[in-house]
Amino acid sequence: MLLAASEAPRKVPAHRDLICEGDNPSSVFVVLEGWACRYKVLPDGSRQIMAFMMPGDFCDLHIGSLEEMDHSVGTVTTCQIASIPREKMETLIVATLGLTHAFWRAQLIDQGVLRAWIISMGRRDALERIAHLMLELFVRMRSVGLASDDTCRMPLTQAVVADALRLTPVHTSRVLRTLRERGVMTLGSGKLTILNIVELAKIAGFDDNYLHRRIMKPDGAFQGGGRIPASRPIDTYLQN
Amino acid sequence: MPVFKLHLRRRAVVEPDDLGMEFPDLHHAYLAVYKAIPDEAREMLVAGQDPMVCAYIICDDKGRRLLEVRFDEILSPAEWRIRRARPGPHAGVRSERARDDLALSNFRRMFAAVNVGCVLMTPELQVVEMNEFGAAHSHVDPEAIRGTSILDIFVDLKGTPKQHFTQFMSLARAGATSEVIDLPYYVLDEAGQTANGWWNARTWPIFDDDDHLLGLVEWAEPFTRPTTGGTTLVRIAPGSTR
């Protein structure tokens, strides 16, 4: 139904805006391939990235209700993007209760991710922030089948990670080096490798509860409300 | 883009940067480090560490040391502002000498051991100090050129390159951060032999609190090949606020 409503997917090069702050939103964008981000540029020219979208993610489900964009959406890598015109989205939402519930849930999860980012910005230091973001992105990639047990493609440059976490690229580089030297993860050549997920989660203070649908908990096997038990190997912890 | 290694020194212990980061040039690497230091210092303080004993050492991808950027220099207000705010007896000439001595000692500490040519000049373009690298590449005696105009020390710079260099320095005298790219002149190649080469250089004006030009710092990188096709470009550096 969604496929039928969307216009033909188009290829968008990296670092291109799909829609800019101030624009009148006319379509909902869906990322089919590649990575995109939601961001805002401040008066001093600095950029704050507020979310990353990966394959399967809608860029802004609710946007049909607004008259004007309050942020921009742009590609981080080359993307395949599908567009669903605003009018068709409204028709779908009205006509299909199941889809409405799914969209609503997706929105709520997006807000959960945003809350987690606010906590990171407000309460975590640079090491914890980067560890948390990397783990979150890895878990999200795994849930859509784009990660192996311990590796996934990670096309984010240090500058992009810095813009997402309100750090400088130099500081980001040093923290990534620290995480590598501690033997918990490596990020380089467009690839993220988790070497010790338990330790990485400990550094990040990571609790996956805010990702909701993106992780399905093993039945009754979790202790401590979603915290990663120390002895569980990654493949028993993360299930598609 | 060239890769610069940013090693962090805490007192005598150096945390090496084995991967490095890409920047268009040393100036951009310095600016990135400059912007990073306040936030990193804040985190160090929260963690109970002392940021004032730290410094970033910027090296090129061959490991040659280019610049040391100390946290205490970035985080402290300029010492001469504090001195000027507290005039002691015999203020005036002696305060100016103290300020000039401080500028010279800071220049020597920052640029003495770097692998780029650095020159400290008066607003009238007279050379106060040139570092060893610059003197070697320019074939000048660093002691003999003190007090000489920067426009007169490169004896083999003639014709159009001389005009470009004069224009480059004139922009700086007018208070802008000026830049010259692919200025043809002699360089020393990897074997230490004099060869025809190209220079990329920037000059920064130094102002006091009353916006008077105190002096100029130039740094210049030699290349054995042109970096942008060999056509000399003189301009106000991107990002200059004047």
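Predicted model: local features only at pLDDT ≥ 70, side-chain atom pairs only at ≥ 80, totals over all residues.
## Chain A overall

Chain A contains eight helices and 10 strands. Of its 240 residues, 51% are buried. Among contacts in chain A with a separation of 6 or more, 68% join residues 24 or more positions apart.

The accessible surface of chain A is about 11400 Å². Carbon and sulfur atoms contribute 53% of that surface.

## Packing within chain A: α3 and α4

Two packed helices are described by the distance between their axes and the angle between them. Helix α3 (residues 97-123) and helix α4 (residues 126-143), both of chain A, have axes that come within 9 Å and cross at roughly 160°. Angles over 145 degrees count as roughly antiparallel, so α3(A) is roughly antiparallel to α4(A). The crossing is left-handed.

On α3(A), the contact is made by Val113(A), Ala116(A), Trp117(A), Ser120(A), Met121(A) and Arg123(A). The residues from α4(A) are Glu128(A), Arg129(A), His132(A), Leu133(A) and Glu136(A). By class, five residues in this contact are nonpolar, two polar and four charged.

## Packing between chains: α6(A) and α1(B)

Helix α6 of chain A (residues 169-181) meets helix α1 of chain B (residues 26-46), with axes that come within 7 Å and cross at roughly 55°. The two helices are therefore oblique to each other.

Chain A supplies Val170(A), His171(A) and Arg174(A) to the contact. From α1(B) come Ala32(B), Val33(B), Ala36(B), Asp39(B), Glu40(B), Glu43(B) and Met44(B). The contact of α6(A) with α1(B) has five nonpolar, one polar and four charged residues.

Conventions
Residues numbered from 1 in each chain as written. Chains lettered and ligands numbered in written order. Heavy atoms only, no water. Helix = DSSP H or I, 4+ residues; strand = E, 2+ residues; numbered from the N terminus. Buried < 20%, exposed > 50% of the residue type's maximum accessible area, 1.4 Å probe, protein only. Contact = heavy atoms within 4.5 Å. Areas by Shrake-Rupley, 256 points an atom, 1.4 Å probe, with all protein chains shown as cover. Axes fitted to C-alpha atoms, helices over the stretch in contact; angles between N-to-C directions. Parallel < 35°, antiparallel > 145°, perpendicular 65-115°, else oblique. Nonpolar A, V, L, I, M, F, W, Y, C, P; charged D, E, K, R; others polar. Left-handed = near helix turned anticlockwise from the far one by under 90°.
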